[in-house]
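Hi,

Here is the structure I promised to pass on.

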Amino acid sequence: MPPKFKRHLNDDDVTGSVKSERRGPSGPRFGPRNDKIKHVQNQVDEVIDVMQENITKVIERGERLDELQDKSESLSDNATAFSNRSKQLRRQMWWRGCKIKAIMALIAAVLLLVIIILIVVRYHT
């Protein structure tokens with residue numbers, strides 16, 4: 001991604017600012033000053049590029065966090081639904097167990113009653 005805030009210096013800007021600064025009888029020195037400006041400008045451009053990359057990464061991280069939050073909410077909803085269904089199934093199985101125990105107790109009572117009746121009938125006759 002190209003930098004948004006890239007500043008370009010042209011020769012008029014550099015020479016205009018340097019012409020006012022004289023060093024002795026030789027006049028302006030364009031070399032060292034111009035190199036320093038270019039060096040600083042390159043550093044600024046690098047910082048801008050790094051900051052743009054950081055902003056892009058932060059935006060992408062935010063998007064991933066949003067996706068993760070959506071998945072987390074979905075998982076929480078599914079867990080709640082699973083919990084409700086498991087409680088319902090547990091109740092159904094408990095009632096089924098109670099019904100089986102009641103039927104077994106009824107069968108045992110009927111068998112015991114039949115045996116008692118047979119014994120009583122046999123000894124009274």
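Predicted model: local features only at pLDDT ≥ 70, side-chain atom pairs only at ≥ 80, totals over all residues.

Below is what turned up, going from the whole chain to single residues.

The overall picture first. The protein chain has two helices and zero strands. Of its 125 residues, 6% count as buried. The chain exposes about 11,500 Å², and carbon and sulfur atoms supply 61% of that area.

Now the charges. Which residues gather in a patch of negative charge on the surface? They are Glu 60, Glu 63, Asp 66, Glu 67, Asp 70, Glu 73 and Asp 77. Asp 66, a member of this patch, has a relative accessible area of 47%. Exposed would need over 50% and buried under 20%, so Asp 66 comes out as partly exposed.

There is a nonpolar patch on the surface as well. Leu 106, Val 110, Val 114 and Leu 118 make it, and its area is about 380 Å². Leu 106 has a relative accessible area of 55%. Since the cut-off for exposed is over 50%, Leu 106 counts as exposed.

Last, the aromatics. The structure holds one aromatic pair. It is formed by Trp 94 and Trp 95, with ring centres 4.9 Å apart and planes at 75°. Why is the pair edge-to-face? Planes over 60 degrees apart fall in that class, and the 75° between Trp 94 and Trp 95 therefore makes the pair edge-to-face. As for Trp 94 itself, its relative accessibility is 52%, so this residue counts as exposed.

That's the lot from me.

Cheers

Note on methods. Residues numbered from 1 in each chain as written. Heavy atoms only, no water. Patch = residues over 30% accessible without salt bridge, like charges linked within 9 Å, V, L, I, M, F, W, Y side chains within 5 Å. Areas by Shrake-Rupley, 256 points an atom, 1.4 Å probe, with all protein chains shown as cover. Salt bridge = Lys/Arg side-chain N within 4 Å of Asp/Glu carboxyl O. Lys, Arg positive; Asp, Glu negative; His and termini not counted. Charge placed at Lys NZ, Arg CZ, Asp CG, Glu CD. Buried < 20%, exposed > 50% of the residue type's maximum accessible area, 1.4 Å probe, protein only. Phe/Tyr/Trp six-rings, centres within 6.5 Å; stacked < 30°, edge-to-face > 60°. Helix = DSSP H or I, 4+ residues; strand = E, 2+ residues; numbered from the N terminus.
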